[in-house]
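Good morning, colleagues. Please look at the sequence and the structure as I bring them up, and I shall then take you through them part by part.

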Amino acid sequence: MKLHNTLTRQTEEFNPQSNDNVRMYSCGPTVYDHIHIGNLSAYVYVDTLRRTLQASGLNVRHIMNFTDVDDKTIKRSLENYPDLAPEEALKKLTTNYADIFLNDIADIGNDVFSTEFVYATNSIEGIRQLITELFEDDFAYITDDGVYFSIEKYRASGKKYGQLLTLTEENTSSARIANDEYDKDYVHDFALWKVKKAGEPAWQFDLDGHDLTGRPGWHVECSVMSVQSLGQPFDIHTGGVDNIFPHHENEIAQSTAGKGNLYAKYFVHNEHLLVDGKKMSKSLNNFYRLQDIKEKGYDPLAFRLMVLQSHYRSQSNFTWENLDAAQTRLQGWRTVADLRWQVVDNDSEISFDNVSAAVTEYIEVDLNTPMAFATISTEFMDELNELGYLPNNSKKSFIDFLTKLDTLLGLGLLDSNDINPQQKNIIVERQKARDAKDWAKSDELRDQLKEQGVEVRDTDHGPIWSRI
Ligand SMILES: [Zn+2]
C-alpha cells in the first residue's frame, strides 16, 4: 500500500510501526450544526482508506473525535438553549448533532462500527495534564485570558515549526489575523486553554497558583485524544487540507515539545469538494447538506460514488448533473449485480480475476479510486452488460468480486434481494403467453411487473429482469 504523506511531500510505501496493526486518527466534526457535503466527502475518503488498509490484511484501530467544546459549540448552545445551565446547553446541542452526524455518515455508506468515537469533553483531565507538562517544561505561558504555547521556545529546543508546509507570510496570514486579538508573545502562539467568559461552560484548572477555570483550545484536544487512544507516535493522521495549518502543525508542536520528534508517521489530507466550481459558502447559496440531496430523491450512496470518482487529493466538483450521472452509474452497477439471481446455465465462463486484481492495485496506490472505477466500468460492467447475462459457471467468482467491491468501496452492491416468488411466477406466465403469441396477456403481465418496479427484457437466453 502506498500513501501520500504530507510530512514528506511524497507518496511512500505504507508500513505500520507495529506488525500488522495500524493506528489511525481522524479529525472529526465540530458538532454545533449539520455538516455540509464537503465535510461528508472527507469522511467518505477516510472510510475508504480504512477499508483499503483492512482489505490488505491489516488490523486497523480507527479513532475519530467529536469537537464538542470550542467557540462555535459554546456560542450556538447559548443561543439555542438560553434557559439551560451552560454545561447542559452545550451537552444538549453537541449530543444532538453528534447523533445526526453518525446517521449521515452511515447513510453515505461509512461503517460507523469500525470507528471508535471520542469526545473532547471526556478528555479534559488528559488535556490539563499535557498543558501542565508543557508549562513546567517552559513551552507554555499564562496570560490574562488563558495559556499559550510558545513557538519561540519550541524552536529554541531544536524543533521545527512548519513541518507540514513551509510557512510563508501568505499561507499563514489568515491564521495571524484570527489570532491578533490575543495577548501573547509571538504572533503564531496559539491558545492551549482559554479562561472562561461570563455565562460560558467551564472546567476547573489550577496552574502555578492561577485559577484558570475555563476550557481547552481546539488543537490541544486532538493531541490528547489521539495519543490517549493510540499512543505516540501513531501511524496515520487524517484531515482536510484546511487542517494542515494551523491545526495539525500545532498538534505536532504541542505533542513533540520536550519529547521525541514524531507525533504521527503519515499525515493524509484530502482536498476540498467544490460546488458548481466554487468553494461552498452560505452567501453563494451553494451550501448543501445530505438532507438536501435526499429531499431531491437521490440515493446517499450515489453521493458516495460521485465523491470516489475523484481522487482524494484533487478538488472534486459537486453539481446536480454530476450527482445525477453518479446515480445512473450506481443504478447500472446494481442492475449488473442483480444478474447473480438469474444465472444462465450454459458452457460460457467469464473470469473476474484480472479486473479484481486491477482494482486492488489501483486502490492500493494512494487510493486511486478514479482509475479503479474506470476499470470496473470498462472491464466489468460493460462486458457483462454486453453479454446480458451471467453464466452459472461464473457465479462464484462474480459474487467474490462484488464482495470485494463492497468491502473496498462501501456501495452496497450485494445489498439487494432477489425478486419474490410471485414476481418470478409472473415472468414464467408472461413467457408462456409469449410462446402462445398471446401478446395482450404478455403486455398486461409486463405492466404488472413494471408497477412493482421490475422490468423484463427478452434475450436469447430467456427473460432477464432488472429493477427500474
Ligand atoms: Zn483535529
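Let me begin with a term: buried area is the accessible area, taken with a 1.4 Å probe, that two parts lose on being put together, summed over both. What we have here is a predicted model, in which local features need pLDDT of at least 70 and side-chain atom pairs count only at pLDDT 80 or more, while totals for chains, interfaces and linings use all residues. Residues are numbered from 1 along each chain as its sequence is written, and side-chain values use heavy atoms, with hydrogens and water left out.

I turn to the domains, whose bounds come from an automatic or database domain assignment. The chain is divided into domain 1 (2-270), domain 2 (296-409) and domain 3 (421-467). The centres of domain 2 and domain 3, taken over C-alpha atoms, are 27 Å apart. Ten residues from domain 2 and seven residues from domain 3 make the contact, where contact means heavy atoms within 4.5 Å. Between them, these two domains bury about 750 Å², with 52% of it on carbon and sulfur atoms.

Next, the interior. A nonpolar core is a set of buried Ala, Val, Leu, Ile, Met, Phe, Trp, Tyr and Cys residues joined through side-chain atoms within 4.5 Å; buried means under 20% relative accessible area, exposed over 50%, and partly exposed in between, with a 1.4 Å probe and protein chains only. The largest such core has 77 residues, and among those touching the most other members are Ile 37, Leu 53 and Phe 303. Where does this core lie? Domain 1 and domain 2 both give residues to the core, so it lies between them. Leu 53 touches, among others, Phe 14, Val 60 and Ile 236, residues up to four places away in sequence not being counted. Another core, of 45 residues, lies apart from the largest one and includes Leu 130 and Val 224.

Finally, the zinc ion. Which protein donors does it have? They are Cys 27 (SG), Cys 222 (SG) and His 247 (NE2), lying 2.1 Å from the ion. Donors are N, O and S atoms within 2.8 Å of the metal (3.2 Å for Na, K and Ca); water is not among the atoms, so sites may look incomplete. In sequence, the donor residues are spaced C-x194-C-x24-H. Cys 222 is buried at 1% relative accessibility, His 247 is buried at 1%, and Cys 27 is buried with a relative accessible area of 9%.
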